[in-house]
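Me: I have a structure open and would like to go through it slowly. Can we start with one of the helices and move on from there?

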Amino acid sequence: MPDALDQPDPDWWRQAVVYQIYPRSFADTDGDGVGDIPGAVSKIDYLADLGVDAVWLSPFYPSPMADGGYDVSDYRDVHPQLGTLADFDALVTGAHARGMKVIVDIVPNHTSDEHPWFVEALAAAPGSPARDRYIFRDGLGENGSQPPSDWISHFGGSAWTRVTDAAGRPGQWYCHLFAPQQPDLDWRHPEVRSDFITTLRFWADRGVDGYRVDVAHALAKDLSEPLRSKPDLEDDLPLDGSDPLYDRNEVHEIYQEWRQVFDTYDPPRSAVAEAVSHPARRALYARPTELGQAFNFSLMKAPFGARTFGEVITFCLAEAAKTGSSSTWVLSNHDDIRHVTRYGLPAGTSYEAWLMTEGTDPVPDLARGLRRARAATTLMFALPGSSYVYQGEELGLPEVADLPAEALQDPTWTDSGHTVKGRDGCRVPIPWAPTPPAYGFGPGRPWLPQPATFAALSAAVQAQEPDSTLELYRRALQLRRRLQGAEQLDWVASEPDVLHFVRPGGWHCVTNFGDVPVALPPGQVVLSSTGTTVADELAGESTVWLTSV
Ligand code: GLC
């Protein structure tokens, strides 16, 4: 609990543990099978007890839910299925009363196709001002029947969809880098810019402490005619900002303007960019004059191994230091296969292909995956910077890979022509209790079916087991609060399969990535990823924290 006399800390985010709530899958109070804001309110004590510093809510705004709420039709309200603004206020008040911050998701690259601006644009004639907020173009070829460029949507197929004009004939095309129900905004339009400032202020005025900025790298596009082709460089964008769609230099002007808004609040509002760029350009988003922090997904992408983890950690700390930011660490989120399952699959597995086998080829070794996940998470919590925890990872939930096709709701499934299953397997509703049918998620049938294995993994069961993953997270976060000091890490020389670093104050973290036990370095073991009983050696695939004796 913060001391009421404490001054607001402008740097609270630098080493915070942020818990991501995917509201539809967190807790359902009204029995419609979809999680809601009152559900999140009902779990505030659970979150405070877990020991997180902040919660980040994935979108809860009015939305037709074509992309789980990342298709927003009103940026300044709550989806009626999820609650009301009063419910949201109760969440903020409850979190603040327990010393936790609240972060909301801002989705500026695109709106929903049901946003009033897009409805107006469709009703308006080609070339009219109402269409200028989006990216409408005539098609190429005979009768304009070809899309205006070769741009591809992230979910599959062309990034252009043709509309029907007022007389019922095929009309212009609009750009959508994601689903067709997510038309991209044209950020050169002054009203687009000013409306998002209004949205940022709206939530800050309601007490929100920070923002997660969705697809932060795509807002500025080169729309000069003729439209340029998009090089196939998703994973290695150019270093000079010359890609026509992603990570262009002009995007930073937008965030400089936002920073001025954040800094009118006390403490200044924080922000974290979800930005895909050349790794060496990620730091630009994290400049103190812009968003302040940027996600790096390098740890999540790194195979479990001492060398890979060591390299990623060194690189990310150096990148964050370039702009005076702090690094972010992520092992799971709502877009990727849960890390228990990733670590249980052979290195190099194509997750997309694996999901198409319903998770049967190969069969993951989930015991090993969990062991490694606990080791990796315990290491992550010892790093300087902020850790982002995705709901359910504290229960060691695996990916649900065998969801029946008819249950799938991720637009990736339909937009890819049923060739890519998508992200529903990490969005299955949380098991709070061991009792079917909904395992404590709510009184109704959950929007995605939960497997029977969720009973034993439920929070209520794990709360009774001292060596459970939930208890490991709790212990780790309590200790972290006590041990956390300056943002400094020094490597200690160790065997090839081992990573050992020390933080100021003599807080050591040692991970054995190998299969065979190694000798424990000197010190007092205060936490072990394997559980409460501590052996006199460091088990394979495990992490310990030690304090200097
Ligand atoms: C981000 C979100 C993802 C969403 C996409 C489009 O990557 O994390 O869930 O589908 O943006 O908004």
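Me: Is H12 mostly covered or mostly open?
Reply: Helix H12 is mostly covered, as 12 of its 17 residues are buried, where buried means under 20% relative accessible area, exposed means over 50%, and partly exposed is in between, computed with a 1.4 Å probe and protein chains only. Helices here are DSSP runs of H or I with at least four residues, strands are runs of E with at least two, and both are numbered from the N terminus.

Me: What should I know about the model itself?
Reply: This is a predicted model, in which local features need pLDDT of at least 70 and side-chain atom pairs count only at pLDDT 80 or more, while totals for chains, interfaces and linings use all residues. Residues are numbered from 1 along each chain as its sequence is written, and side-chain values use heavy atoms, with hydrogens and water left out.

Me: Back to H12, which residues are buried?
Reply: Among them are Gly-369, Arg-372, Leu-379, Met-380 and Phe-381.

Me: And how far does H12 reach?
Reply: H12 covers residues 366-382 and reaches 24 Å from its first C-alpha to its last, close to the 24 Å expected at 1.5 Å a residue; the expected span is 1.5 Å times one less than the number of residues.

Me: What happens at the start of H12?
Reply: There, a side-chain oxygen of Asp-365 comes to within 3.3 Å of the backbone nitrogen of Ala-367. A polar contact is a pair of N or O atoms within 3.5 Å; within protein, one must be able to donate a hydrogen and the other to accept it, and residues adjacent in sequence count only if both atoms are side-chain atoms.

Me: Where is Thr-511?
Reply: Thr-511 sits in strand S14, residues 507-512, and is buried because its relative accessible area is 1%.

Me: What does Thr-511 contact?
Reply: Leaving aside neighbours within four places in sequence, the contacts of Thr-511 include Leu-379, Val-498 and Leu-538, with contact meaning heavy atoms within 4.5 Å. Leu-379 is also one of the buried residues of H12. The side chain of Thr-511 makes a polar contact of 2.9 Å with the side chain of Thr-543.

Me: New topic: how many residues surround the ligand?
Reply: There are 14, and the closest are Asp-67, His-110, Asp-214, Glu-274 and Asp-335; a residue counts as near if one of its heavy atoms lies within 4 Å.

Me: What are the polar distances to the ligand?
Reply: A polar side-chain atom of Asp-335 is 2.5 Å from a ligand oxygen, while an N or O atom in the side chain of Asp-214 is 2.8 Å from a ligand oxygen, and for the side chain of His-110 the distance is 2.9 Å. The protein covers 95% of the 310 Å² of accessible area that the ligand has on its own, with areas from the Shrake-Rupley method.

Note on methods
Areas by Shrake-Rupley, 256 points an atom, 1.4 Å probe, with all protein chains shown as cover.
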